[in-house]
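Q: Could you take me through this one, beginning with the charged side chains? I'd like the cut-offs spelled out as we go.

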Amino acid sequence: MSMEYIRRTYGVPAKRGCRVIYTDAIGIEWHGVITAARSGRLLVRLDDNLPSSRARAKLHPTWQVEYLPAKATP
């Protein structure tokens, strides 16, 4: 299932490169960037990972995920 499917189905602005904040079960906020979509889930590279790490969190598009607006370019 593609990013387009996620946008249509869940009504979210999910796009590759979009910044998100995920709040886990104990209330800790994790910042990251969407890298892909797979099986109706978002794959997000969290900022706290090492720069060379390829590990990604697999998140439901609406469960505890906040989409940040894109920064305006001058």
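Q: How far apart in helix α1 are R8 and E4?
A: In this predicted model, R8 and E4 sit four residues apart in helix α1, so about one helical turn separates them. Helices here are DSSP runs of H or I with at least four residues, strands are runs of E with at least two, and both are numbered from the N terminus. The two side chains meet in a salt bridge at 3.9 Å, N to O, where a salt bridge means a side-chain nitrogen of Lys or Arg within 4 Å of a carboxyl oxygen of Asp or Glu.

Q: And which confidence limits and conventions apply?
A: Because the model is predicted, local features need pLDDT of at least 70 and side-chain atom pairs count only at pLDDT 80 or more, while totals for chains, interfaces and linings use all residues. Residues are numbered from 1 along each chain as its sequence is written, and side-chain values use heavy atoms, with hydrogens and water left out.

Q: Is R8 buried or exposed?
A: R8 counts as exposed, because its relative accessibility is 59%; the scale calls a residue buried under 20% relative accessible area, exposed over 50% and partly exposed in between, with a 1.4 Å probe and protein chains only. E4, at 38%, counts as partly exposed.

Q: Which side chain does R7 meet in a salt bridge?
A: R7 also has E4 as its partner, at 3.0 Å, N to O, and since R7 and E4 are three residues apart in α1, they too are separated by about one helical turn. R7 is partly exposed at 26% relative accessibility.

Q: How many salt bridges are there by this rule?
A: The count comes to three. The side chains of D47 and R19 also form one, at 2.5 Å, N to O, and that pair links distant parts of the chain, with D47 in the loop between β3 and β4 and R19 in strand β1, 28 residues apart. D47 is partly exposed at 40%, and R19 is partly exposed at 35%. Shared partners join E4, R7 and R8 into one network.

Q: Switching to the ends of α1, what caps the N-terminal one?
A: S2 does, through a side-chain oxygen 3.3 Å from the backbone nitrogen of E4; the polar-contact rule takes N or O atoms within 3.5 Å, one able to donate a hydrogen and the other to accept it within protein, and residues adjacent in sequence count only if both atoms are side-chain atoms. Just after α1, G11 takes a positive phi of about 65°.

Q: OK, the sheet: in what order do the strands run?
A: The order is β4-β3-β2-β1-β5 in an open, antiparallel sheet of five strands, where pairing requires at least two DSSP bridges between two strands. The edge strands, β4 and β5, each pair on one side only.

Q: What is the bridge partner of L42 in β4?
A: That partner is L59, and β3 and β4 as a whole pair over three bridges in the antiparallel sense.

Q: Which residues of the largest nonpolar core touch the most other members?
A: They are A14, I34, L42, V44 and Y67, in a core of 16 residues; such a core is a set of buried Ala, Val, Leu, Ile, Met, Phe, Trp, Tyr and Cys residues joined through side-chain atoms within 4.5 Å. The largest share, three residues, comes from β3.

Q: What does L42 touch?
A: Leaving aside residues up to four places away in sequence, its contacts (heavy atoms within 4.5 Å) include M3, I6, A14, I34 and Y67.
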